[in-house]
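The sequence and structure come first, and the description follows.

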Amino acid sequence: MAAAIRTTIRFLLNHKPVELSDVSPVKTLLDFLRLERNLRGTKEGCAEGDCGACTVLVGRLLNGVLKYESVNACIRFVGSLDGCHVVTVDALALPNGPLHPVQQAMVDTHASQCGFCTPGFVMSLYGLWMENPKPSIAAIEKALQGNLCRCTGYAAIIRAAEAVSTIADANRDPLVAERADITGKLLALRDDARVVVGEGKDRIVLPASVDDLADIYAAEPSARIVAGSTDVGLWVTKFMRDIAPVVHIGHLDELRAITEDADGITLGAGVSYTEAYPVMTKHFPQLAELWDRIGGQQVRNMGTIGGNIANGSPIGDTPPALIALGASVSLRKGAERRQVPLEAFFIEYGKQDRQPGEFVEAVHIPFQKRDDQFAVYKITKRLDEDISAVCGGFRIALDDAGIVTKAVIAFGGMAGTPKRAANAEAALVGAPWNATSVAAAMEALGADYTPLTDWRASADYRLLVARNLLKRFHLETQGTEPVRLDRKIAV
Amino acid sequence: MNVMQPIHRIRGAVHDKERHESGHKHVTGTAEYIDDMPEPAGTLHAYLGLSQRAHAEIVSIDFDAVTASAGVVGILTASDIPGENDVSPAHKHDDPVFATKLVEFHGQPIFGVIAESREEARRAAAKVKIEYRDLPHVTDVLEATAANYPLVIDPLKLERGDIADGFAKAKHVVEGEMRIGGQDHFYLEGHISLAIPGEDEEVTLYASTQHPSETQHMVGQVLGVPSHAITVNVRRMGGAFGGKETQANLFAAVAAVAAKKYGRAIKIRPDRDDDMVATGKRHDFHVDYKLGFDDEGRIDAVDAVFAARCGFSADLSGPVTDRALFHADNCYFYPNVRLRSRPVKTNTVSNTAFRGFGGPQGMVGGERFIEDIAYKLGKDPLDIRKLNFYGGEGRNLTPYHQTVEDNIIGRIIEELEQSADYAARRKEVIAFNEKSSVIRRGIALTPVKFGISFTKTEYNQAGALVHVYADGSIQLNHGGTEMGQGLYTKVAQVVADEFQVDLERIRVTATSTGKVPNTSATAASSGSDLNGMAAANAAQQIKARLVAFAAEKFGVSESDIAFEPNTVRAGHERIAFNDLIKAAYGARIQLSAAGFYKTPKIHWNRAEGRGRPFFYYAYGASCSEVSVDTLTGEYQIDRTDILHDVGRSLNPALDIGQVEGAFVQGMGWLTMEELWWDAKGRLRTHAPSTYKIPLASDRPRIFNVRLAEWSVNREDTIRRSKAVGEPPFMLGISVLEALSMAAASVASYRVPPRIDAPATPERVLMAIERLRAAKG
């Protein structure tokens, strides 16, 4: 396919258009802002997308609709911003003008101490306020899962978030009021051309379409596909790895498609956690807590389910749950497509069933049989924005006599890949769903896994807690008493 | 003119809830941190090369790939240091800027790379090839003791009464041990220094340091030049918490050496991971204890050894372990006591100051003693606490022989018990636990008594510089540094109050060794106590001159001159402050003064373990309730109530912020924040992805924080306020104790749960398993 080729990255930065013909594939938005544009309101706290000091808003179009989301500028590559509107803290208040309502609320409630994290909090709260002008405390806490503050203990920041709408009307905010205008400007930046910036190995490529992506990647399998960069970003900022040439896919609306049919849900590989949340929790409400505990809001806005699977983490945020649900992966190489069960995609640590030039195009999650019981549990040191020590997905089906006819148990954090518990499943199938069989299956987990000790948990704890999670699942299906913490809403 | 016109208050007086002086700049991103400053033309960037071994001899270093790397200007090693290759704040000469023949921890700086950009310097540093000859290494404090590792500095012993006698007459004797984890500061702004070479020997530095004077002296020592050649400036830090008391010195020294070598400005800023690997943290402790007590739970004798993982050098480990012992009594009278410290060397980064400075570890130990007694006797730990509080005839002497004279813990506890409804809720928790098999709850109410003053007596002094300009505007400078705590705001309020002018008239300028010399670290919660007094003193000197001038000008006696809001009254006449200043300038009155303060009454004899190290104590208490999942060890803080004593608050809004923030930080230390070294001696929790500090969703679901508004410091401190930085950190202990109770419920509250800190879900679950087994 001979698509037109453009050789610049174009986006809006605050109120100004930016067009770059010379940009490194590993140039982060944060370095671009601070070092090249001298916009130093946005801070670097960790350079790995965990602390949120670098939070900016990125407005992007999906099917012509503009949405602003908080993202971590430290792990966002400039090349991925084509066609986007980047809004930084520097642009919120005019010099010597009044503070933005979010800023004013933060000052009024004494919500800053050292002030270094503050611009990031302001941007996260700004993103929240635009979407949800009168947020609940639960919504505020969720919006701030990706923002660390070491000084305040957060109480004053929560008070600020609650106070914003008493200062001004979100509908009159410039980004809301100018939405049509900005949308027009962003649409004008879209030319459906393939973008290639740079030469030789140091290239940034933005395919014109998914077909174009398939051609590009089949021709150059050594290229690095980058969607949300929540993982690959760290390869650059922490491991200083050379990842060029980089093929960005976040701009491809086709890959952000979410379809529901009679069989289940299909998520394009570019669908972010945030975008997948409504459909996934509608059909699988048990996923809501897990989904809310993946990364912080910024990471969920950037990161994709496709990326989460394709990177083959031994822990995985979504794979244990998706394996338990019987999900499969659509792989594509050139024009050829094939589908593999998710559990078979993970071969061993660092190795997936993906051929050179082949990429994850979509994930398919079948609906459950009506009587199937399903649960997913994530165990971490910190409730939110923490990688699992152990994550378990469970699904069973019972016959009328209460005998287990099907059991799917998958754990992350227990082996080199997200892996099913064959022995425990075998112990359950054909047995009554009662404490005795569950105890036998708990015992059998010892034959399924030989977990490691690391900084997240010891091997002993991992195995013990994996067993106890199976017990929790059983108790929960009995519904006799609370077996999980009642995650209370703060007051 | 009506002389009876109402006199308005000034805006921003002492005791007002004034906002942080930089608040509007924080929220707009215009508050300038060092990395935000425009770099001088030609600025180069430095990056450190760190040891990849925990303990080894350096056989050879091959820099070829480093120097060949893009953008590299040069390499910096120990041989480039003109003065001493040492930044030991303890003057032990055990803290090299660059290791030469021996590396003693994984992450120790060996060299620096100077390049055109930070990115180039960083990438180049990673290309070094170093050949090591490995030596045995030890990271754990007990293993170090077993391996006969030395102490990094002389230990301390506090002794009073006769422990042999105490144990002999005690009805019950219990022995135990506890591990208390360390803590990374996780200041959001990492370490950074910018050095600009000047004429002759001069260097001007912008450093993120809590101790500009020490940074100045250390840079002078490393460069081999007198302190007068070095100027260190600090406008603000993006958090510090003790992590920038001594740890900034190495970065400043590297920048300064490179600035002199290359004749160009040098900026150095490590990546977060390198910052966490290469700079010191809160000390981990191991506490070995023996307690004697009677049937009621009254303590007869305490014998305890507090061993600390100090890392490879002394740094501040001496005073940190001393302060642990000073707080092992918390609020409790120990009739017979022996407390010993063991500052143990290990092959880890040299641990350093962190909010509380060893005090929290000592206090956690003390509270563990109470917990053991309570669960041994099957009693409410709060009853045991009350039984042992200081107070009453012959029960006011601390293990270091200072008499507790300002004890208000009784009233604090009583009020908090009421407002938190402790007794009824404890009953309810116990009733809940009887019915619930998986979810268990716990509640605890714990006190805090924290000694205020540097135990190094000479640090208890401060200076300030106040200029009143001819237009009536005032510039204030003092030796304290702003790290978010609101020190600049509070001291400005003091000066506004002294002159009776609106706060807007006062500008606080960046802390600079060129303006106020020989300052102490902004540490030990002392910032406003010391600098507030020094600034008040400077203002008073100028006021005295203005009073004399006004008395003469208006022909009244000096006692008829009064500073009223933005006005000065002379007898029956009033003159605007600005007009008086203009007139005083015209009459050639000196409108500038250097203020000074030194804390009275304190003295300390370390060799004898006796004295009055503390001017006064700050008190507080917290009550926390938790829910625990006994299948997984996961938990949630359902509610925390706090009542904290800051004397007469200089600024209640800022003080509440300090209390809330300190509690959450203390809670994080004792729950989710875990430092983990692997078998190779590598710290593996060296980034926020692996080292978890509390998030907004971790704060208690109900969080009631109050100041004890009735409290007035009985000592003559600045406006009778009390220090607030560190004391509320230890309010977090109530969370650990509440988790203990929830765990203890599985063994009917009769087995001491002894959960080590941090009480991660794993430790909580393992404790529950152990308690279940113990119950049988």
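## Helix H18 of chain A

Helix H18(A) is mostly covered, with 14 of its 20 residues counted as buried. The model is a predicted one, and in it H18(A) reaches 29 Å from its first C-alpha to its last, which is close to the 28 Å expected at 1.5 Å a residue. After H18(A) comes A:Gly479, a residue whose phi is positive, near 65°.

## The contact between chains A and B

The contact draws 70 residues from chain A and 71 residues from chain B. On the side of chain A that touches chain B, helix H2 (101-108), helix H3 (118-131), helix H5 (155-167) and helix H18 (459-478) of chain A each supply at least two residues. The largest share of that side, seven residues, comes from H18(A). By residue class, the side of chain A that touches chain B divides into 38 nonpolar, 14 polar and 18 charged residues.

## Overall form of chain B

Chain B contains 19 helices and 29 strands, and the C-alpha trace of chain B spans about 85 × 75 × 50 Å along its principal axes. A compact globule of 776 residues would have a radius of gyration near 28 Å, and the 27 Å of chain B agrees with this.

Of the 776 residues of chain B, 64% count as buried. Among the contacts in chain B between residues at least 6 apart in sequence, 81% join residues at least 24 apart.

Strand E1 (residues 44-50) of chain B has seven of its seven residues buried, so E1(B) is largely enclosed by the rest of the structure. In a regular strand the side chains alternate between the two faces of the sheet. In E1(B), B:Leu44, B:Ala46, B:Leu48 and B:Leu50 point one way, while B:His45, B:Tyr47 and B:Gly49 point the other way, and all are buried.

Two partners of E1(B) can be described. With strand E12 (residues 266-268) of chain B, E1(B) runs parallel and is joined by three bridges, and B:Leu44 stands opposite B:Ile266 in E12(B). With strand E5 (residues 109-115) of chain B, E1(B) runs antiparallel and is joined by six bridges, and here B:Leu48 stands opposite B:Gly112 in E5(B).

## A three-stranded sheet in chain B

An open sheet of three strands in chain B has the order E4-E2-E6, with antiparallel pairing. Its edge strands, each pairing on one side only, are strand E4 (102-103) and strand E6 (129-134) of chain B. Strand E2 (residues 56-62) of chain B pairs with E6(B) in the antiparallel sense over six bridges, and the bridge partner of B:Ile61 in E6(B) is B:Ile130.

## Nonpolar cores

The largest nonpolar core has 355 residues, of which B:Leu205, B:Ala253, B:Val254, B:Ala255, B:Ala256, B:Leu739 and B:Ala743 touch the most other members. Helix H7 (residues 248-262) of chain B gives the most to this core, with eleven residues. Apart from this core lies another, of 44 residues, among them B:Val466, B:Val495, B:Ala538 and B:Ile542.

Which residues is B:Ala255 in contact with, leaving aside its neighbours within four places in sequence? The contacts of B:Ala255 are B:Ala46, B:Ser193, B:Leu194, B:Ala195, B:Leu205, B:Ile266, B:Lys267 and B:Ile268. Among these, B:Ala46 belongs to the residues of E1(B) that point one way together with B:Leu44, and B:Ile266 is the residue of E12(B) that B:Leu44 stands opposite.

Conventions: Residues numbered from 1 in each chain as written. Chains lettered and ligands numbered in written order. Predicted model: local features only at pLDDT ≥ 70, side-chain atom pairs only at ≥ 80, totals over all residues. Contact = placed C-beta atoms within 7 Å. Helix = DSSP H or I, 4+ residues; strand = E, 2+ residues; numbered from the N terminus. Nonpolar A, V, L, I, M, F, W, Y, C, P; charged D, E, K, R; others polar. Buried ≥ 20, exposed ≤ 12 C-beta atoms within 10 Å, placed from the backbone. Pairing = 2+ DSSP bridges. Rg over C-alpha atoms; globule rule 2.2 N^0.38 Å. Expected span 1.5 Å × (residues − 1). Core = buried A, V, L, I, M, F, W, Y, C linked by C-beta atoms within 7 Å.
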